Amino acid sequence: MEERHREILQRNRTSVVKDLDPSNIYDHLLEKGVFTQDMIDEIKSSGTRRDQARQLLRDLETRGSRAFPLFLLCLEETGHHSLVELLQAGAPPVHLQPVKPNQAIHPVLQPLPVLSPMDVVKQKKDNTPVYPIQRPSTAPSPSPEREPIMPRPPARTRRDSIQSYKMDAAPCGHCLIINNVEFEPQSNLSNRKGSNIDCEKLERRFKALNFIVEVKTNQKHSQIKRELSALSKKDHSQYDCCVVIILSHGTDVSHNRFPGAVYGVDGHYVAVQNITNYLNGQHCPSLQGKPKLFFIQACGGDEKDTGFEVSPDEVKPSFGEKDDQTDAIPMSSSSDSLSMSDEPDARATLPTPSDILVSYSTFPGYVSWRDAQAGTWYVETLDRILEENVATVDLVTMLMMVNNEVSQNSAKGLYKQMPGSFNFLRKRLYFQNQA
């Protein structure tokens, strides 16, 4: 960036941070090649709206001579006219040569077709192909300029019901497992003995549930992002669900949606809310309206829960082994940590993610216990509950059963653990039972 433009940004930094809404400008900056998707993800993880605006300005100064005029153009396009006038005041006018934007494809998102109950009955009776019936939707209609939407071939019509998700595709979907066991010395993180046991159980379990399972071991934080990005670029149109499982060390960070973060083997973390973003309806259109499940076996912090006394009839105590370990890392305090406090406007512009469930091995802020020989409490219990109940019980109910059983364990006769979920599913979810 030219020095005169850098001085303008620095002179007006306070006003820009105060008035800029970064969420409105990200797509424009990406389209014009000012930032890459990874850079935008990093800016989003900075914390509150103001924190994101500050980081955006810092990064902007490193993006070459065209960054400033392109930034002004993006501000103009997104209605930040007062900021454009402020940054142009007293500065020579800037002129842009035509440039082709990044060839990023922004698919048009259309609501998933849903059949009415009468159509399903008729289809079963006649055993003839039925095209989806378009239902009224709050989603924006296509503009007249777009090509008319032709009905899809009836190879596999989705049959979601009001009560439960469609889960009969063969295979059901992709399942990505990140298993971080051996951490680099400079990370100051211990190796996670017993994690391979968890990984083998979950790989076997989700294959039995008819998922295409891919396991990635000892991934740095950049590799975790790369794998998630590759998963988001797959065509999921013929599948019904997508699963991401991460087994690693974790920490507590401030958040806007989903708490916590998981570490790569290099000691750098990826926030859970960024992990979920890769598969949301905006970034992965072929998963729109389909359940996206995230299972996080990592500590939510470094606090140990000693529990509270209850009547002996309330619980059946279960004691862990002597070599119980935790996946805890103290809450990050480095310069790239997320802000510790959210402002009201940091939440007001965030849409609620739909069809996403994040299951945590422990309550945010607390440690998660792992046995070096048997694996983690959470995975061991989850695997068994799935095996025993998947044929008849929905996922959310099974996760409550996991919560109940894990909560009755005690590490070293003293410490407790409480799993939990952030549930934005719209329907009940029943896995396929291949047993």
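The dialogue below goes through features of this predicted model, with residues numbered from 1 along the chain.

Q: What does the secondary structure of the chain come to, and how many of its residues are buried, as a percentage?

A: The chain has 14 helices and 14 strands. Of its 435 residues, 49% are buried. Among contacts with a separation of 6 or more, 79% join residues 24 or more positions apart.

Q: In what order do the six strands of the open sheet lie?

A: The order is 2-1-3-7-10-14, with mixed pairing. Strand 2 (211–217) and strand 14 (420–423) are at the edges; each has a single partner strand, so one side of each lacks a neighbour in the sheet. From one strand to the next, the twist averages 10°.

Q: In which sense does strand 1 pair with strand 2, and in which sense does strand 10 pair with strand 14: parallel or antiparallel?

A: Strand 1 and strand 2 are parallel, over seven bridges. Strand 10 (residues 356–360) and strand 14 are antiparallel, over four bridges. At that pairing, Tyr360 is opposite Gly420 of strand 14.

Q: Is strand 1 mostly covered or mostly open, and which helix lies across it?

A: Strand 1 is mostly covered, with seven of its seven residues buried. Helix 10 (residues 221–233) lies across strand 1 (173–179), strand 2 and strand 3 (241–247), and runs at about 180° to strand 1.

Q: Which residues have the most contacts inside the largest nonpolar core?

A: That core has 34 residues, and those with the most contacts inside it are Phe206, Phe211, Val243, Ile245, Leu293, Phe295 and Phe431. The elements that each give two or more residues to the core are strand 1, helix 9 (195–208), strand 2, strand 3, strand 7 (292–297), helix 13 (377–389) and helix 14 (395–407). Helix 13 supplies the largest share, six residues.

Q: What does Val243 touch, leaving aside residues up to four places away in sequence?

A: Val243 touches His174, Cys175, Leu176, Phe206, Phe211, Leu293 and Phe295. There is also a second, separate core of 28 residues, which includes Val16, Val17, Leu75 and Leu83.

Q: Is Trp377 buried or exposed, and where is it found?

A: Trp377 is found in helix 13. Trp377 counts as buried because its relative accessibility is 5%, and the cut-off for buried is under 20%. Trp377 and Gln297 are 80 residues apart in sequence, while their C-alpha atoms are 9.7 Å apart in space.

Q: How is a helix read for its span and its buried residues?

A: An α-helix has 3.6 residues a turn, so residues three or four places apart point the same way. Helix 5 (residues 49–60) has twelve residues, and the distance from its first C-alpha to its last is 16 Å, close to the 16 Å expected at 1.5 Å a residue. The buried residues of helix 5 are Arg49, Asp51, Gln52, Ala53, Leu56, Leu57, Asp59 and Leu60.

Q: Which residues have a positive phi although they are not glycine, and where are they placed?

A: One of them is Asn188, with phi of about 60°, in the loop between strand 1 and helix 9. Asn188 counts as exposed, at 71% relative accessibility. Another is Asp355, with phi near 65°, in the loop between helix 12 (344–348) and strand 10. Asp355 is buried, with a relative accessible area of 2%.

Q: Which residues does the cis peptide bond join?

A: A cis peptide bond joins Ala170 and Pro171, with omega about -5°. Pro171 is in the loop between helix 8 (117–126) and strand 1.

Definitions and conventions: Predicted model: local features only at pLDDT ≥ 70, side-chain atom pairs only at ≥ 80, totals over all residues. Heavy atoms only, no water. Pairing = 2+ DSSP bridges. Axes fitted to C-alpha atoms, helices over the stretch in contact; angles between N-to-C directions. Contact = heavy atoms within 4.5 Å. Expected span 1.5 Å × (residues − 1). Buried < 20%, exposed > 50% of the residue type's maximum accessible area, 1.4 Å probe, protein only. Core = buried A, V, L, I, M, F, W, Y, C linked by side-chain atoms within 4.5 Å.
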